[in-house]
Amino acid sequence: GGFPLEFGSRLNSMKDRMDLWTGDKDIWGWVARQGTVEGLGLVDFNYPQHLEGRKLEEARYALASAGLKAGAICMRFPKEMQAGAYTHPDEAVRKQAIALTIEGGKWAKDLGATELVVWSAYCGYDYHFQADYNVLWERVKVAFQEVCDAHPDLKVSLEFKPTDENTRFFAIPTTGAAMLLVNDVKRDNFGLTLDFGHLLMCGENPAQSVAMVGSAGKLFGVQLNDGYGRGEDGLMFGSVHSNMALELVYWLQRTDFKGHVYFDTFPRNEDPVKEASYNIQKFKSLWHKANLLRELGVEASMAKQDALTSLTLVDKAMGRE
């Protein structure tokens, strides 16, 4: 049978290494280029950047021509909102940000996507005494309640990031804080999308974060990549942290993850088509190895918290001995 999960990959990566692409060099050309990635089934569009001023029929046609479907709409708030989208001091801007998100949700449904992912580059602060943290929290909560109520039949998720050049501290800076927000928003269709690189930047272990959110039934999506933890490197999945990547895949299995797997990587020098294909193959390989690890009895050594036995089994599953 086929693989149990579907894959998406960063559409903007298709702008890289244009010397290797002879097709159209616009948004629909990038979709066509993604259609050449082996194992890729889904496209996640950024809104409004990828779709503003475009027709729904064009998007549907581009997807069908490439043999792809829409996976999610990912919000990217415009630069005019850099003092805050949901957290802006001006209520008019906050309302505009919420309305824009609701529009993004309409695109998601019209394209047959199952998820609306909200990452805000701007909802946070840079300085001590700049913001009232309780006010920021309340504004983010209310915004998500409005978005979820506008689209009760759509999964809406927060993709948090601890820090960014646009926002030194995000209003929701960790997985624990994000789960508190989920409990505060109190909507069945509100959950989280976890990004491997963002979790590394928090000093978290991505597998533990997946276990926490997934066990609560609130892991709607994952965005995978790798890096050295000093910033968001967007390297190929499993290229730096191989055991960490394997454990994340294992916990996706354990928590019965039902979303799609999206690769948020930045192949500046690599062929982006081959790079996307590499990520998909790597994930499938780790999925197989996580199953093998279970067969080898890793859960018995985990029950005893016996690291030596577990690591020996990991080496065996990874073919290192």
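Begin by selecting helix H1, residues 27-34. Its buried residues are Ile27, Trp28, Gly29, Trp30, Val31, Arg33 and Gln34; buried means under 20% relative accessible area, exposed over 50% and partly exposed in between, with a 1.4 Å probe and protein chains only. Because seven of its eight residues are buried, helix H1 is largely enclosed by the rest of the structure. Element names follow DSSP runs numbered from the N terminus, with helices being H or I runs of at least four residues and strands being E runs of at least two.

The model is a predicted one, in which local features need pLDDT of at least 70 and side-chain atom pairs count only at pLDDT 80 or more, while totals for chains, interfaces and linings use all residues. Residues are numbered from 1 along each chain as its sequence is written, and side-chain values use heavy atoms, with hydrogens and water left out.

**The whole chain**

The C-alpha trace spans about 60 × 50 × 35 Å along its principal axes. A compact globule of 321 residues would have a radius of gyration near 20 Å, and the protein agrees, with 20 Å; this radius is taken over C-alpha atoms, and the globule rule is 2.2 Å times the number of residues to the power 0.38. Of the 321 residues, 54% count as buried.

Contacts, meaning heavy atoms within 4.5 Å, show how the chain is connected. Among those with a separation of 6 or more, 75% are between residues 24 or more positions apart. The accessible surface comes to about 14700 Å², and carbon and sulfur atoms hold 51% of that surface; the areas come from the Shrake-Rupley method with a 1.4 Å probe.

Colouring by charge separates 35 positive from 43 negative charges, whose mean positions are 2 Å apart. Lys and Arg count as positive and Asp and Glu as negative, whereas His and the chain ends are not counted. Each charge is placed at NZ of Lys, CZ of Arg, CG of Asp or CD of Glu.

Select tyrosine 47 and proline 48 next. The peptide bond joining them is cis, with omega near 5°. Proline 48 belongs to the loop between strand E2 (42-47) and helix H2 (56-66).

Move to lysine 186, in the loop between helix H5 (175-185) and strand E8 (190-195). Lysine 186 is not a glycine, yet has a positive phi of about 55°. This lysine is exposed, at a relative accessible area of 60%.

Aspartate 256 lies in the loop between helix H8 (242-254) and strand E10 (261-263). Its phi is positive, near 55°, in a residue other than glycine. With a relative accessible area of 48%, aspartate 256 is partly exposed.

Glycine 259 is also found in the loop between H8 and E10. It is buried, with a relative accessible area of 19%. Leaving out residues up to four places away in sequence, glycine 259 touches Leu5 and Phe220.

**Aromatic pairs**

Show the rings of Phe, Tyr and Trp (its six-membered ring), which pair if their centres lie within 6.5 Å; planes under 30 degrees apart count as stacked, over 60 as edge-to-face and the rest as tilted. The whole structure contains 17 aromatic pairs. Phenylalanine 3 and phenylalanine 283 have ring centres 6.2 Å apart and planes at 80°, so this pair is edge-to-face. The two partners are 280 residues apart, with phenylalanine 3 in the segment before strand E1 (7-9) and phenylalanine 283 in helix H9 (residues 272-295). Phenylalanine 3 is partly exposed at 28% relative accessible area, whereas phenylalanine 283 is buried at 0%.

Tyrosine 125 and tyrosine 133 form a tilted pair, 5.0 Å centre to centre with 50° between the planes. Tyrosine 125 is buried at 14% relative accessible area, and tyrosine 133 is partly exposed at 42%. To view a cluster linked by ring pairs, select Phe3, Phe7, Phe196, Phe237, Phe263, Phe283 and Trp287.

**Last stop: helix H11**

Finish at serine 310, in helix H11 (residues 307-317). Serine 310 counts as buried, at 13% relative accessibility. Apart from neighbours within four places in sequence, serine 310 contacts Val298, Ser301 and Met302. Leucine 296 is 14 residues from serine 310 in sequence, and their C-alpha atoms are 9.6 Å apart.
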